[in-house]
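Colleague: Hi! Could you walk me through this model, starting with what sits inside?

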Amino acid sequence: MTHHNTEAITGLLDGELKGLRRWMAQRHVSRCTTCADEYRRQEQVRQLLRANPPVSPMTDSPEFFWSKVKTEIQRRGDERVAAPTPHLVFADWVRQHQFAVATAAAAFIAVVGALWFIPAFRGTPMVTVTPRTATPVARVEHLKTLIPHTAATAFDDKDADVTVIWVTGLPWTPDMNKMETKFANLDT
Amino acid sequence: MTEDVAKISVNIPETVASKSAHEVSQAESDDRDLVERCQRGDLDAYEVLVGRYRVKVYNLAFGILRNEQDATDLCQEAFVRGWQAIHSFRKDASFYTWIYRITTNLGIDFVRRRDRRPTTPLDEAIDPDVDASVQEPPSTNPSPVDEAQRRELREQIDAALLQLSPEHRVVIQLREFDDMDYAAIAKVIGCSIGTVMSRLHYARKHLQKLLKPVI
């Protein structure tokens, strides 16, 4: 604690701070005269109040009080009202259960980490390979090129049941260095 | 920030000592059974709950209102509202905190309404006969002078508490006189623990000024 955190002084006075917050507040109050004075003043008020609680005993006897409550309940009949359920705000709930939350988070990370290293839990591959079924193909018996200076050679493999046509000199270009070789497989 | 080299001696308490967990869970378990019976329409079960928390709720109401008749009326209204809303009570909550919350909300509303009306002077509001019947600790036999001083001091404290805002009065009542921890107070008044700390701090600071002559 590097500044005069007055609420922390109150928490320290009431014994409500725990762990690091308590240690820091305690350390600060034991060294800072301003906060030590504030602490003492608040403590004096606290002691004075506790030594003089408001005392005004209830004058109604338990039976009489209950009879009044019961009569009023019966008078109002089935009338219903809603009353909010008391609960802590989320941040306070987490702070109150910080050890449980930390333990649960650590356990979750440990379980996920352990599963990651077990191959059985990594899951099966997302891509499945199915064998291609043979599709009917057209076999080229004769090929006629319309472009001059083009040569095409058809290779036919009966075992693989494919026909490959090897075409050279297409497209035509006067620059022979740019001549490309074209490959075409009519079976695919 | 002024930091002294020598350490300053202050009396710092240990963390809040709560009631034994067994005691609390036993009481809450009993309450839950009774609440379940009430939710089925059993008025006898509610009578047990009223008997169990009647004095505590009255003390809280008196702490907020500082007036006996108003506190009794508020206490009665809180229990009637409690019955009317018992169907909405969630079993994971504590009946004690729940009825305190109803009382606190009604009390703050009551004070706001009352503050708009002309008020009775404090001297008239304090009934000396009732105050005389207050049960004192049996350890000593105070002399009349001590008793008079004590009564005067209590009147000053009452007057100071009456000057606090209802929200500040509630946190002082719950913390100093009902000895509730911050989490329980936060549940009762429906705010964060940080707000409870802040309200307590400023309430005590205000009381410091008001009670300066007697501190």
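This is a predicted model: local features need pLDDT of at least 70, side-chain atom pairs count only at pLDDT 80 or more; totals for chains, interfaces and linings use all residues.

Colleague: Great. How many residues does the largest nonpolar core have?

Modeller: That core has 58 residues, and Ala61(B), Ile99(B) and Ile185(B) have the most contacts inside it. Its largest share, 11 residues, comes from helix α2 of chain B, residues 43-65. Domain 1 (21-117) and domain 2 (143-215) of chain B each supply at least three residues to this core.

Colleague: And which residues is Ile185(B) in contact with, leaving aside its neighbours within four places in sequence?

Modeller: Val171(B), Leu174(B), Arg175(B), Met180(B) and Val196(B). There is also a second, separate core of 11 residues, which includes Ala8(A), Ile9(A), Ala25(A) and Cys35(A).

Colleague: Nice. New topic: how far apart are the end C-alpha atoms of helix α7 of chain B?

Modeller: They are 26 Å apart. Helix α7 has 19 residues (144-162), so at 1.5 Å a residue it should span 27 Å, and the two values agree.

Colleague: Which residues of α7(B) are buried?

Modeller: Ile157(B), Ala160(B) and Leu161(B) are buried. These residues cover an arc of only 95° around the axis, so they sit on the same side of α7(B).

Colleague: Why would residues a few places apart point the same way?

Modeller: An α-helix has 3.6 residues a turn, so residues three or four places apart point the same way.

Colleague: What do the buried residues of α7(B) pack against?

Modeller: They pack against α3 (33-51) of chain A, along with α8 (166-177) and α10 (193-210) of chain B. The face turned away from the buried side of α7(B) carries exposed Pro144(B), Val145(B), Ala148(B) and Glu152(B).

Key:
Residues are numbered from 1 along each chain as its sequence is written. Chains are lettered from A and ligands numbered from 1 in the order in which they are written. A nonpolar core is a set of buried Ala, Val, Leu, Ile, Met, Phe, Trp, Tyr and Cys residues joined through C-beta atoms within 7 Å. A residue is buried if 20 or more other C-beta atoms lie within 10 Å of its own, exposed if 12 or fewer, and partly exposed in between; C-beta atoms are placed from the backbone. Helices (H or I, at least four residues) and strands (E, at least two) are DSSP runs, numbered from the N terminus. Domain bounds come from an automatic or database domain assignment. Two residues are in contact if their C-beta atoms, placed from the backbone, lie within 7 Å. The expected span of a helix is 1.5 Å times one less than its number of residues. The arc is that of the directions from the helix axis to the C-beta atoms.
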